[in-house]
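Here is a briefing on one protein chain. Start with the sequence and the model, then go through the topics below.

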Amino acid sequence: MISRRITRGLLALGAVGLWQTQVLAGGFSWGEASTDILYERGNAAAEAGVIYVNPHRKFDTISGVSSSDSRYSQDYFIPDVAIMGRLSDMFACAFTYTRPFGGDSKYGTQAQTADLISSPPTSYSSKKFHTNEYGGTCDVSFELGKGRLHFIGGGFMQDFDYEAVANIGTLRLEDDSAFGYRLGVGYDIPEYALRAQLMYRSEVKHEADGDFTPNPLLGLPALLDANGHGSLPQSLKLSLQSGVAPGWLVYGSVEWTDWSVLQTLNYNIDILGDRQDVYNWRDGWTIMAGVGHQFTDKIAGTVNIRWDKGVGTGADIMTDTWTVGAGAAIDCGPGQLRLGGAVSYLTSGSQSLADGATFDATADGDWAYALTANYTIKF
């Protein structure tokens, strides 16, 4: 048996480890709703945090020629908010907000020129999109053995905002309200800092409307109607953690994400017709493991390692990624401050016209960095 004070620290440490390693995941994965707040046994809890990611992916060669362009991947922030209320010993609900998917790329002169030569008359200078998820998730739990069995479920609304800037004009697409759901089952024994959970998040299909502002040189109307459609993937995640000795915790997770659903983003622009962003991605896998230690009554630390399987098939450079992270949980004021950082190595890869890319290119191994901060209060 682990003392109650140490147990509380270890449970928090497992949370900071699992939360902190969400960054730099495969594909367009960004944030993950903090539904683990449902395991808190108090009457209420609230947490808020932010993740900053600084990726440095750039092309090494473009159309067979050494590239002088700077990195095309741009920095981004991921907010994280969760509020939990317990209505009874058996029933609790949480409201969450995060940005689950996104991407932001700006292309240099060499890439734009290659794009124009290989797929005239269009040459993109930037593409970006993000989604916001607003969710409500509830937990019904029962005593079972030394712990509790949890049945978790809820729904969420996810929006979609896309912008692509090209030499022929700017496309904007927006979907205010697509819907999905999550279902899970878990078991925990707080006495031993033990928790196991299997969580499913559904696929979300977006139907977006928008407009296209043409380059005035084209002689087209000042604004054209546009629309598009595409899907963002379902996922299934198994998470485990357990105290293994006084003051020590091990944790890990395995996640499958159905990135093969994202073969193309399809859109139509009046007068200009149908167009596509081609991805042809395959399914992704993420495996993570970590260890944590309670140093004092108020301070705990963790280190972890994660592997993300590359989802690219040649239409885009999305390669295997290795991430090492570290975090700390510090009792501070009325709540707990959680801090973390991570360094990722993005393995080399390539894209080709033959596989659907807009130009041939290669990328050597690159690096990405992330910082996280989160504050939690329990009542």
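Two strands count as paired if DSSP finds at least two bridges between them. Strands (E, at least two residues) and helices (H or I, at least four) are DSSP runs, numbered from the N terminus. By that rule, strand β2 (residues 61-62) and β3 are joined by two bridges and run antiparallel.

This is a predicted model: local features need pLDDT of at least 70, side-chain atom pairs count only at pLDDT 80 or more, and totals for chains, interfaces and linings use all residues. Residues are numbered from 1 along each chain as its sequence is written, and side-chain values use heavy atoms, with hydrogens and water left out.

**Strand pairing**

- Strands of a sheet pair through backbone hydrogen bonds, either parallel or antiparallel.
- An open sheet is formed by four strands in the order β3-β2-β23-β22, with antiparallel pairing. Its edge strands are β3 (65-66) and β22 (349-351), and each pairs on one side only.
- Strand β14 (residues 235-245) pairs with β15 in the antiparallel sense, over 10 bridges. There, L238 has V254 of β15 as its bridge partner.
- The hairpin of β14 and β15 has two residues between the strands, and G247 takes a positive phi near 85° in it.
- β15 is also joined to β18 by 10 bridges, and these two run antiparallel. S253 has M288 of β18 as its bridge partner.

**Disulfide and cysteines**

- A disulfide is a covalent bond between the sulfur atoms of two cysteines. The cut-off used here is a pair of cysteine sulfur atoms within 2.5 Å.
- How many disulfides does a search of the whole structure find? It finds one.
- The partners are C93 and C138, with their sulfur atoms 1.9 Å apart. This pair links distant parts of the chain: C93 is in strand β5 (residues 91-98) and C138 is in strand β8 (residues 133-144), 45 residues apart.
- The torsion about the S-S bond of C93 and C138 is about 100°, so the disulfide is right-handed.
- Burial is judged by relative accessible area: buried is under 20%, exposed is over 50%, and partly exposed is in between (1.4 Å probe, protein chains only).
- C93 is buried, at 16% relative accessible area. C138 counts as partly exposed, at 25%.
- C332 is partly exposed, with a relative accessible area of 37%.

**Aromatic rings**

- A pair of aromatic rings is described by the distance of the centres and the angle of the planes.
- Rings of Phe, Tyr and Trp (its six-membered ring) pair if their centres lie within 6.5 Å; planes under 30 degrees apart are stacked, over 60 edge-to-face, and the rest tilted.
- The structure holds 19 aromatic pairs.
- W30 and Y76 have ring centres 4.1 Å apart and planes at 5°, so they are stacked. The pair links distant parts of the chain: W30 is in the loop between α1 (4-20) and β1 (44-56), and Y76 is in strand β4 (residues 76-86), 46 residues apart.
- W30 is buried, at 7% relative accessible area. Y76 is buried, at 14%.
- W259 and W281 have ring centres 5.3 Å apart and planes at 80°, so this pair is edge-to-face. W259 is in the loop between β15 (248-257) and β16 (264-269), and W281 is in the loop between β17 (273-278) and β18 (284-294), 22 residues apart.
- W259 and W281 are both buried.
- Ring pairs link F28, F101, F129, F160, Y162, W259, Y279 and W281 into a cluster.

**Charges over rings**

- A charge sits over a ring if NZ of Lys or CZ of Arg is within 6 Å of the ring centre and within 35 degrees of the ring normal.
- K127 lies over the face of Y124, 4.2 Å from the ring centre.
- R195 places its charged end over the ring of Y39, 4.3 Å from the centre.

**Nonpolar cores**

- A nonpolar core is a set of buried Ala, Val, Leu, Ile, Met, Phe, Trp, Tyr and Cys residues joined through side-chain atoms within 4.5 Å.
- The largest nonpolar core has 24 residues, and F28, Y162, L171, L173, W259, I269 and W281 touch the most other members.
- β9 gives the most to this core, with four residues.
- Contact means heavy atoms within 4.5 Å. Not counting residues up to four places away in sequence, I269 touches L171, F212, L224, D225, A226 and R275.
- A second, separate core has 10 residues, including I37, A45, A82 and A94.
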